[in-house]
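Subject: Structure for your files

Hello,

Here is the structure I said I would pass on. Please have it open while you read the notes below it.

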Amino acid sequence: MAFEIVIPRLGWSMEEGTFSGWLKKDGDFVRSGEALFSLEGEKAMQDIESIDEGILRIPPNGPSVGTVVRVGAVVGYLVAEGEPLPWMNAAASEPVASGSAVTSAPSSNVTPVASPSVRRMAREVGVELSQVVGTGPRGRITTGDVLRAQTPIASNPHIGTVGRQHVARDKFFQATIASPRARRVARELNVDWRGLTGSGANGRVRERDVRAAAELGADGAMGTSFGVRQPIPSRRRVIAERLSTSRQQTVPVTLTTKADATQLIALREQLKLNAGTSPAPSYQDILIKLIARVLTKHRQLAGRWEQDAIVVPRDHEMNIGMAVDTDDGLLVPVIHDVNSLSLSELAVRSRSLIERARAGKLIASDMQGGVFTVTNLGAFGIDAFTPVINLPESAILGVGAIRMEAVATPDGKIFAQPQLSLSLTFDHRVIDGAPAARFLQELVAALEAVSKLLIL
């Protein structure tokens, strides 16, 4: 009996992913646990392992590199020796290319050699990698090759007058992707499809988008309307959807306070002197260590709402996420079991995750399992702010800047003291204001006595 190879769900809200290529060839024998293909999910690339074994058979209409595939779509089979091809059966005549499972992308008989970031860039600017000649090592396609492959706007004969006016006003114009039918109709109607916001999957421009643009152009609407429409990258759409879902599914409340940062600064300076060649723990590393410690006494704040229950983490599940600003948008890698790590181990782990996030090398498991998130805008000079809860978690801590401020003692004396702003947003469904305030109060106390609490 043939085993179906299906697209897995890499994230709790993932509905589709981008197929990035087979790691085995048609006819190869595959063992359980071996990597079968690469898949790009919401924010990470991951090699998908086989859960069965057999001979890999890839249907003729199987996905090519760059194909957008729905979660649960069948992309291939594992069969026994001598077993007939599954797609030859009438009941399985269309195992992959059904309209509800796969959105076709430009295909090629030869898989282009390019990194995930280059493939992502090519999709966003509408370049077909199969038509690009790589200049990198061993013919690898580079970002420069993709940029050179873009058709210059000025020389494109298919851009109408309205389209030229639309593009000329936006020096940051970004191309998007379009279906072959949309491109053909765009040529017929003399419309620049690259300036349109697509209604298809991942912002893909469809025929109806082109025809709508042509109608607007006839009235001069595109050329004279206020502002310039910029295509929304697929990853930005995912971030927007997650943020909107968070606001819809939680009852967020934000508490703000300040902490004396004197000991925090002193500890950080001491750690920098003792670090040697190892990365010195940052302010955020120290905060994450303290948060995990305090959360063990306030587990409800690290819980999550699951229909008829609130699930709270166990001791080894104090996994803290940290928001990282990248070129592809905000990512939240997770440091697992923080309480089991020394401060120096935590610094190495966080540094590695941040570097991989900015290099686009995180895998799905790097961003799963978090129970609480920290987001830091202090480096930008921001004080208090309202962070958005990272579902399915129930709380997030915003860290602001450390500033010298005037502080009054009980006897009326005034002196300068470094103050750290903290903003805690929590889901009021899961926890009430008083317990959340007690957590924040205890965290402030821990910060103000940090050199006594942490064993380096």
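Predicted model: local features only at pLDDT ≥ 70, side-chain atom pairs only at ≥ 80, totals over all residues.

Helix packing

Helix α9 (residues 283-295) packs with helix α10 (residues 343-358), their axes being 10 Å apart and at an angle of about 120°. That angle makes α9 oblique to α10. The crossing of α9 past α10 is right-handed. On the α9 side the contact is made by D285, I286, I288 and K289, and on the α10 side by L343, L346, A347 and S350. By type, the residues of this contact are 5 nonpolar, 1 polar and 2 charged.

Aromatic rings

There are 4 aromatic pairs in the structure. One of them is W22 with F37, an edge-to-face pair with 5.6 Å centre to centre and 70° between the planes. W22 sits in strand β2 (residues 16-22) and F37 in strand β4 (residues 35-40), so this pair ties together parts that are 15 residues apart in sequence. F37 has 0% relative accessibility and therefore counts as buried. F19, W22 and F37 form one aromatic cluster.

Another pair is F372 with F439: the ring centres are 5.8 Å apart and the planes are at 55°, so the pair is tilted. Here F372 belongs to strand β17 (residues 372-376) and F439 to helix α11 (residues 433-448), so the pair links distant parts of the chain, 67 residues apart. F372 counts as buried, at 0% relative accessibility. F439 also counts as buried, at 0% relative accessibility.

Regards

How values were computed: Residues numbered from 1 in each chain as written. Heavy atoms only, no water. Axes fitted to C-alpha atoms, helices over the stretch in contact; angles between N-to-C directions. Helix = DSSP H or I, 4+ residues; strand = E, 2+ residues; numbered from the N terminus. Parallel < 35°, antiparallel > 145°, perpendicular 65-115°, else oblique. Left-handed = near helix turned anticlockwise from the far one by under 90°. Contact = heavy atoms within 4.5 Å. Nonpolar A, V, L, I, M, F, W, Y, C, P; charged D, E, K, R; others polar. Phe/Tyr/Trp six-rings, centres within 6.5 Å; stacked < 30°, edge-to-face > 60°. Buried < 20%, exposed > 50% of the residue type's maximum accessible area, 1.4 Å probe, protein only.
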